[in-house]
Amino acid sequence: MNYYQQSLTIKTRGKDFHPITRDVENVVNQSGIETGLCTIFVRHTSASLIIQENADPDVLTDLSHFFSKLVPEDSKLYVHSTEGPDDMPAHIRSMLTKTSEQIPISQGRLVLGTWQGIYLWEHRQRSHQRQVVVHINGK
């Protein structure tokens, strides 16, 4: 069993979906692992990772609108607001989604479906530098 790990720095543009599929594919390619498992982990509590539709941008728009209604940025609803009115809602959105994903590797490539892409979902209004750890094990 071989292991390979690399940290990616993703500069976000504020609350939005940031495609990182190519970045993760590059790490898999660099690893030289042909068959195994790729684990992706975001080292933050106000951003998350999702695997979602990569062909029709309306899907991401609808997800964003749905989460805005599900977890509103209303300061009257929360006690924690250290970094502003989007602070606690960002933590809740992160908790409702995921901070990690696992994707099989076969023939040196991620085994994603035809219409699947990997996204870092920034839940804060302003831009941030986010750290995403890519850990690969296999042979």
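Does Lys 15 count as buried, partly exposed or exposed, and at what relative accessibility? In this predicted model, Lys 15 counts as partly exposed because its relative accessibility is 28%, which falls between the limits of 20% for buried and 50% for exposed residues. The side chain of Lys 15 meets that of Glu 73 in a salt bridge, with an N to O distance of 2.5 Å. Lys 15 belongs to the loop between β1 and β2, whereas Glu 73 belongs to the loop between α2 (57-70) and α3 (87-96), so the pair ties together parts that are 58 residues apart in sequence. Glu 73, at 29% relative accessibility, is likewise partly exposed.

The structure holds eight salt bridges. One of them joins the side chains of Asp 16 and Arg 13 at 3.2 Å, N to O. Asp 16 is partly exposed, with a relative accessibility of 32%, while Arg 13 is exposed at 57%. A further salt bridge is formed by Asp 87 and Arg 124, whose closest N and O atoms are 3.7 Å apart. Asp 87 lies in helix α3 and Arg 124 in the loop between β7 and β8, so this pair ties together parts that are 37 residues apart in sequence. Both Asp 87 and Arg 124 are buried.

Three strands form an open sheet with antiparallel pairing, in the order β2-β7-β4. Strands β2 (16-19) and β4 (47-53) stand at the edges with a single partner strand each, so one side of each is left without a neighbour in the sheet. On average, neighbouring strands of this sheet are turned by 35 degrees against each other, direction ignored. Antiparallel strands β4 and β7 (residues 116-122) are joined by seven bridges, and Glu 53 stands opposite Gln 116 in β7.

The largest nonpolar core comprises 20 residues, of which Val 24 and Cys 38 touch the most other members. Two or more residues of this core come from each of β1, α1 (21-31), β3 (36-42), β4, β5 (100-106), β7 and β8 (129-138). Beyond its neighbours within four places in sequence, Cys 38 is in contact with residues including Val 24, Val 28, Ile 103, Leu 110 and Val 134. A second, separate core of six residues includes Ile 50, Leu 60, Phe 67 and Tyr 119.

Lys 11, in strand β1 (residues 2-11), is exposed at 54% relative accessibility. Apart from residues up to four places away in sequence, Lys 11 touches Ser 127, His 128 and Gln 129.

Note on methods
Residues are numbered from 1 along each chain as its sequence is written. This is a predicted model: local features need pLDDT of at least 70, side-chain atom pairs count only at pLDDT 80 or more; totals for chains, interfaces and linings use all residues. Side-chain values use heavy atoms; hydrogens and water are left out. Two strands pair if DSSP finds at least two bridges between them. Helices (H or I, at least four residues) and strands (E, at least two) are DSSP runs, numbered from the N terminus. Axes are lines fitted to C-alpha atoms, for helices over the stretch in contact, and angles run from 0 to 180 degrees between N-to-C directions. Buried means under 20% relative accessible area, exposed over 50%, partly exposed in between (1.4 Å probe, protein chains only). Contact means heavy atoms within 4.5 Å. A nonpolar core is a set of buried Ala, Val, Leu, Ile, Met, Phe, Trp, Tyr and Cys residues joined through side-chain atoms within 4.5 Å. A salt bridge is a side-chain nitrogen of Lys or Arg within 4 Å of a carboxyl oxygen of Asp or Glu.
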